[in-house]
2 protein chains.
Amino acid sequence: MERVEIAIIGTGPAGVSAALTASNRNKRILLFGSREMSQKVAKAHEIRNYPGLPFVKGEDLAGAFREQLDRMGIAVTEKRIGAVYAMGDYFALQAGEEMIEAETVILATGVVQAKPLPGEEELLGRGVSYCATCDAPLYRGKTAAVIGYSSAEEKEAAFLNDVCAKVTYFPMYKGEPDLPEGVEVIRETVTGIAQADGHRVVKTEGGEYPADGVFILRDAVAPGQLVPGLETEGPHVKVNRSMETSLPGVFACGDIVGTPYQYVKAAGEGNVAAISAAAYIERKKKNGGQNNG
Amino acid sequence: MERVEIAIIGTGPAGVSAALTASNRNKRILLFGSREMSQKVAKAHEIRNYPGLPFVKGEDLAGAFREQLDRMGIAVTEKRIGAVYAMGDYFALQAGEEMIEAETVILATGVVQAKPLPGEEELLGRGVSYCATCDAPLYRGKTAAVIGYSSAEEKEAAFLNDVCAKVTYFPMYKGEPDLPEGVEVIRETVTGIAQADGHRVVKTEGGEYPADGVFILRDAVAPGQLVPGLETEGPHVKVNRSMETSLPGVFACGDIVGTPYQYVKAAGEGNVAAISAAAYIERKKKNGGQNNG
């Protein structure tokens, strides 16, 4: 795949806004996320303070975003980005086993509202993973537990079920999961993860469930995990008023950069991030590929 | 008039957004501007990157803003604020001869695009004024020249015509001014203002026109003139990411705080400014009327 100018991760108001403005500026972009837009938009009952759309229902705002992307010819690439690596003069985005190259990256992935589970951070990379597509091969023929925070994660569990000997699914949301036969569904609140005799244990209020690998699948991952080396403040990415992060070429916008968690604030920041990314690319071109910030 | 909690000056996307969010948070507000919304919105041909309103015409966006304000029960107070004075624990807003009190102020007046005229800054307050309503009494029975930058200024000229012996009007825009009989219209580009023998002189490419007072009337005034003591950077107000200015209790948003001059960026900042103003008021209440920033 040809290197794009701007990779935008996230399809909430920040990511959509960044995509519209970047595309308007004739930048070659990729927008990663979901055609359903972010859950936070699509599931909102009614938004009273989004200027220009009085008392808009979340599903209608999501629909308006989709229509606008379509009319601007912007596709949504429905791939999950597991990590972003700074490669010197470009960035490599890991989407499963695929690597996608981009000159700049705009992070609009939202904020991780949930606190990590007890044991989660300690065991990350040692039997605990955030990315089914990336790490499924490690558990071929073995057992996997999937802790899913939204119904969007069910297809990841289904994919693991093709690879692993057995998959146990812990839905952390309401509604009946739609999963292939053979996946065991445990409706108990997960309280933590532990290590025992070379395997992992998912602890719930009701019991303990052993597995070789534990997949914790949320809408958003912590920014410092997504982009190694990025300066953060608690769950947020540090940015200035131009939406520049501590890494030149990486911009961020929306809930990921801090409160207030508001739709139009996110949309405004997406606009600024896109313009800053476009300006960064122009500066780089002028300097013959070099960019000193 | 009872002291309001938040006075919002400006009815572009920033001011409208601030009003919607402040009202949503049950703050007592006054929104100063025009029912026509800002000229920059109303006159826009087509806006391609306002998320949720694909390819929206400026007049339609202005109409949507108006509808939303109406549905939220927010009135637009069509008064021009000439100055904002910090009075210790509140602010006094000068609207003609009226003084309006507010606990906090949100500046959303847009940016002054025009450079000052030669002589304008030197003679300001010495025969040159930005506010017809404020300074008309000084020129009762005398002659006044009005340099109007938009048709909205014609009613100011008409008002001066009731008070002054003679009014000369210099329209700095296209279209035929709608003015009372007796007002002389000079269609020549103004090049500067000078002082001579106790009166002022408006210089144009075509000649020189003497007057006792010269009124320069633009959509927006420079922020440092509007709010004495406010820290500025060129034509912009300095703010942090919470839209706080150098004066505690004064917030700013939209074009007035800097580039990019974009509709959704302004709307997003208006939202943040309103939330910061609401938080400031809550802190002040908790501290029994004192606020240390």
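**View 1. Chain A is divided into two domains by its domain assignment.** Domain 1 of chain A covers 4–112 + 221–286, and domain 2 covers 120–217; such bounds come from an automatic or database domain assignment. This is a predicted model, in which local features need pLDDT of at least 70 and side-chain atom pairs count only at pLDDT 80 or more, while totals for chains, interfaces and linings use all residues. Residues are numbered from 1 along each chain as its sequence is written, with chains lettered from A and ligands numbered from 1 in the order in which they are written. Taken over C-alpha atoms, the centres of domain 1 and domain 2 of chain A are 28 Å apart. Their contact involves 7 residues from domain 1 and 6 residues from domain 2 (contact: C-beta atoms, placed from the backbone, within 7 Å).

**View 2. Here chain B meets chain A.** On each side of this contact you will find 31 residues. Helix 1 (13–24), helix 3 (58–71) and helix 8 (263–286) of chain B each give two or more residues to its side; helices are DSSP runs of H or I with at least four residues, strands are E runs with at least two, and both are numbered from the N terminus. Helix 8 of chain B provides the largest share, 8 residues.

**View 3. Three strands of chain A form an open antiparallel sheet.** The strand order is 11-12-13, where pairing requires at least two DSSP bridges between two strands. Strand 11 (190–196) and strand 13 (208–211) of chain A are at the edges with a single partner strand each, so one side of each has no neighbour in the sheet.

**View 4. Strand 11 of chain A pairs with strand 12 (residues 199–204).** This antiparallel pairing runs over 6 bridges. Look for Ala196(A), which stands opposite His199(A) in strand 12 of chain A.

Notes:
Contact = placed C-beta atoms within 7 Å.
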